[in-house]
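Subject: Structure for you to look at

Hello,

Here is the structure I promised to pass on. Please open it and keep it in view while you read my notes.

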Amino acid sequence: MKNKKKENLKELFEKFLDSHKAQQAAEDINSAEEVLEKYPAPTPSAQLLQDIKAQVAATVAAHKRAEAFKRFTHRIAAVAAVIVITTFVGIKLFEKETPAPKALALDLAIPTTTWDSNNLADDDDYSATLVAEIKQIERDLLALQLDENGSNGLPVVEVIEMELNEIDSDFWKG
Amino acid sequence: MPESEELAQIIAGCKKSETDSFSQLIDMYSTRCYGYFYRLTGNSDISDELLSRLFVKLVEKIHSFRGGSFEGWLFKVASNIFHDHLRDKQRQKKLLQARIERLQEQTEPAKNSVDNGVDQLQIQLEKLDEDTRELIMLRFYSQLSFKEIARMRAEPIGTTLSKLHRALKKLRKLVERKRL
């Protein structure tokens, strides 16, 4: 067997040995390799090579099948992923387009000004008037309990009734 | 077509899982790989098996070849297969036993021998330690340069050179002494 990769062994050995020793080492290697050339190893039989080729062909076929299956499963996985993503996005879009439930809609129909106006100063004035009127009713009730006369010569019960009516109408006026 | 270009085409075919390309690869390298295994094991049956294992392994591994020296890559796979074989305790036992038997019956010719000289060389090779024998066979059958062998064995080139020089010198002396 001829060595295809001819190397300059002497040059190679000279990196580690002096020129004379490098020459000697290169010759040693060349002559030892000649010994190996003289006694070639046995060669594989034709039957063996045929068997190996058949075995390799079977392995290649199995490999191809495995690769095809892998490609198929990858495609299936990709399609499944697309379906899942599309469904998810569709559901999200559908949720956005659906109107709010009826009960909620009714709640939303009540003007927010009923519960609190945008003007806090007005809210506070109104509250102060109510508190003052409630206090007046308390005083009138106390006068009633003590059997005192109401203000402006009217009976206390009438005065209270008038005040309650007034509060009631004020409350709903807002 | 230049040899390297032809080899590149064959390898490309193998990567495409073409059976014919694998057959061509087997035709190109089976003799050298078989010689490598035979000289390391000294047994034709084991060499048959290792050669089969090597080419079947190539089907699985060919995609991991990313260029460079194909011989270097191929013999690295072959070397790994040989070491796997050695790790198999049962087979190792049989191998050692077979070697002892052969050393005791030095006069009998071995199966597949070309002539008595082959046996003599094999007997002398078996007197060397495993690592040295593998290094000689790697150099002879893979036809790799010292630089490539050193890289493959992950050792400095100076170490590879001195080991191989000592081993080949010893082998030559053993063979010549036997001839005399």
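Which residue takes a positive phi just after helix 7 of chain B? B:Gln143 does, with a phi of about 60°. Please note that this is a predicted model.

Helix 7 of chain B

Stay with this helix for a moment. Helix 7 of chain B covers residues 130-142. Its length can be checked. There are 13 residues, and at 1.5 Å a residue they should span 18 Å. The expected span counts one less than the number of residues. The end C-alpha atoms of helix 7 are 17 Å apart, which agrees.

Chain A has seven helices and zero strands. Chain B has nine helices and zero strands. Now look at burial. In chain A, 9% of the 174 residues count as buried. In chain B, buried residues make up 33% of the 180 residues.

Contacts along the sequence come next. Take the contacts with a separation of 6 or more. In chain A, residues 24 or more positions apart account for 19% of them. In chain B, the share is 62%.

Two packed helices in chain B

Two packed helices are described by the angle between their axes and the distance between the axes. The crossing is right-handed. Helix 2 of chain B brings B:Tyr29, B:Cys33, B:Tyr36, B:Phe37 and B:Leu40 to the contact. Helix 4 of chain B brings B:Leu74, B:Ala78 and B:Phe82. By class, this contact has eight nonpolar residues, no polar and no charged.

Where the chains meet

How many residues of chain B are in contact with chain A? There are 38, and they meet 34 residues of chain A. Four helices of chain B each supply at least two residues to this side: helix 2, helix 3 (44-61), helix 6 (116-125) and helix 9 (157-179). Helix 2 of chain B gives the largest share, ten residues. The side of chain B that touches chain A has 19 nonpolar, 15 polar and four charged residues.

Best wishes

Notes:
Residues are numbered from 1 along each chain as its sequence is written. Chains are lettered from A and ligands numbered from 1 in the order in which they are written. This is a predicted model: local features need pLDDT of at least 70, side-chain atom pairs count only at pLDDT 80 or more; totals for chains, interfaces and linings use all residues. A residue is buried if 20 or more other C-beta atoms lie within 10 Å of its own, exposed if 12 or fewer, and partly exposed in between; C-beta atoms are placed from the backbone. Two residues are in contact if their C-beta atoms, placed from the backbone, lie within 7 Å. A crossing is left-handed if the near helix is turned anticlockwise from the far one by less than a right angle, and right-handed if clockwise. Ala, Val, Leu, Ile, Met, Phe, Trp, Tyr, Cys and Pro count as nonpolar, Asp, Glu, Lys and Arg as charged, and the others, Gly among them, as polar.
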